[in-house]
Amino acid sequence: MRWDLGRSSGVQDRRGMGAGAIAGGGGIVTVVVALIGYFVFGIDPRTFLETAPTQQVAGSGAVQASACPEGDTACQFADVIHTSTIDTWTPLFQARNQTYRPSQIALYTGGTQTGCGMGQSAMGPFYCPADDTIYIDLNFINTLEKDLGAGGDFAMAYVIAHEAGHHVQNVLGISEKVQAAQQRLSEREGNVLSVRLELQADCYAGVWAKQSNTKLNWLEAGDVEEGLRAAAAVGDDTLQKRGQGMVVPDSFTHGSSADRMKWFRTGYDTGNPSACDTFG
Ligand SMILES: [Zn+2]
């Protein structure tokens with residue numbers, strides 16, 4: 001991927017800042033969530049909110065976006081990919097007479113305060129709807145490559161674009177609707193909706209891949225396959241196989257590897273968010 005062709009707009013750089021209150025709070029629930037989230041990646045924001053409903057940020061998490069340090073390619077990469085999601089979704093919203101509220105991206109190591117409670121890198125990358133921010137510990141690149149067998153720059157780009165897809169759902173009010181519906185449904189039925197939300201975020205990642213490539217022509221041979229491999233690697237069935245002996249509750253379901261690849265493909269082949277109706 002010729003990601004150097006993209007532009008940057010800055011990141012919230014919280015790396016090395018420590019987790020502060022992490023030792024005092026959280027407790028066993030957070031630890032369990034962190035462990036499970038690690039295996040499932042891209043934790044369901046609903047579950048995340050439920051585990052830490054009272055934790056408030058109180059300004060502690062507010063870090064201004066700034067340019068990445070010189071020569072810090074991992075940071076620059078995350079910045080460029082995130083910025084390209086904004087540059088992709090803004091005109092797509094405009095075309096529908098809607099306004100896209102840009103997301104933010106925060107880089108951290110270990111743990112950090114978020115609008116959704118304490119974020120921990122063991123959860124994998126996640127999106128917090130309360131502060132419109134994608135949280136990512138860049139060490140996840142190693143997890144993808146070494147533990148999940150999905151290396152390559154585009155695999156990581158897919159991960160960021162998937163989280164940006166959750167932001168799109170938030171701006172469109174889809175996540176809110178799903179959350180409201182889940183209150184009325186059984187856990188099992190609610191989980192079906194969670195899967196559809198995840199698959200739609202995969203489809204939106206595909207839309208981003210297509211649209212950004214039309215504009216920048218930055219994809220290279222094998223990139224889409226890298227994205228598909230990443231989508232497969234983070235499917236529930238694959239992860240459950242890898243995590244034998246670990247309990248992976250239904251509430252963390254993200255969909256099977258085949259479904260995730262299928263919806264990423266749908267988004268990529270059409271480049272059209274309307275094709276991403278995973279609820280229909
Ligand atoms: Zn997700």
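**Notes on the zinc site, the sheet and its surroundings**

1. The zinc ion is held by three residues, H162 (NE2), H166 (NE2) and E198 (OE), at 1.9 to 2.1 Å, where donors are N, O and S atoms within 2.8 Å of the metal (3.2 Å for Na, K and Ca), and water is not among the atoms, so sites may look incomplete. This is a predicted model, in which local features need pLDDT of at least 70 and side-chain atom pairs count only at pLDDT 80 or more, while totals for chains, interfaces and linings use all residues. Residues are numbered from 1 along each chain as its sequence is written, and side-chain values use heavy atoms, with hydrogens and water left out.

2. Along the chain, the donors of the zinc ion follow the spacing H-x3-H-x31-E. The pair H166 and E198 links distant parts of the chain, since H166 belongs to helix α5 (residues 153-172) and E198 to helix α7 (residues 187-216), 32 residues apart; helices (H or I, at least four residues) and strands (E, at least two) are DSSP runs, numbered from the N terminus. H166 counts as buried because its relative accessibility is 3%, and E198 counts as buried because its value is 2%; buried means under 20% relative accessible area, exposed over 50%, and partly exposed in between (1.4 Å probe, protein chains only).

3. The order of strands in the open sheet, which has 5 of them, is β2-β1-β3-β7-β6, and the pairing is mixed. At the edges stand β2 (65-66) and β6 (126-128), each with a single partner strand, so one side of each is left without a neighbour in the sheet. Two strands are said to pair if DSSP finds at least two bridges between them.

4. Taking the pairs in turn, β1 (residues 11-13) and β2 run antiparallel and are joined by 2 bridges, and the bridge partner of V11 in β2 is S66. β3 and β7 pair in the parallel sense over 4 bridges, with I136 in β7 as the bridge partner of L107. β6 and β7 run antiparallel and are joined by 3 bridges, and here Y127 has I134 in β7 as its bridge partner. In the hairpin of β6 and β7, which has 4 residues between the strands, D132 takes a positive phi near 55°.

5. Which residues of β7 are buried on its two faces? T133 and Y135 are buried on one side, and I134 and I136 on the other, so that both faces of β7 are covered. In a regular strand the side chains alternate between the two faces of the sheet.

6. Apart from these pairs, strand β4 (residues 111-114) and strand β5 (residues 117-120) run antiparallel and are joined by 4 bridges. A hairpin connects β4 to β5 through 2 residues, and T114 has G117 in β5 as its bridge partner.

7. In helix α6 (residues 174-184), the residues I174, S175, V178, A181 and Q182 are buried. They lie on the same side of α6 because they cover an arc of only 125° around the axis, the arc being that of the directions from the helix axis to the C-beta atoms. The face turned away from that buried side carries the exposed residues E176, K177, Q183 and R184.

8. T278 lies in the segment after α10 (257-270), and T278 is buried, with a relative accessible area of 8%. The side chain of T278 reaches the backbone oxygen of R196 at 2.7 Å.

Notes
Polar contact = N/O pair within 3.5 Å; in protein donor to acceptor, adjacent residues only side chain to side chain.
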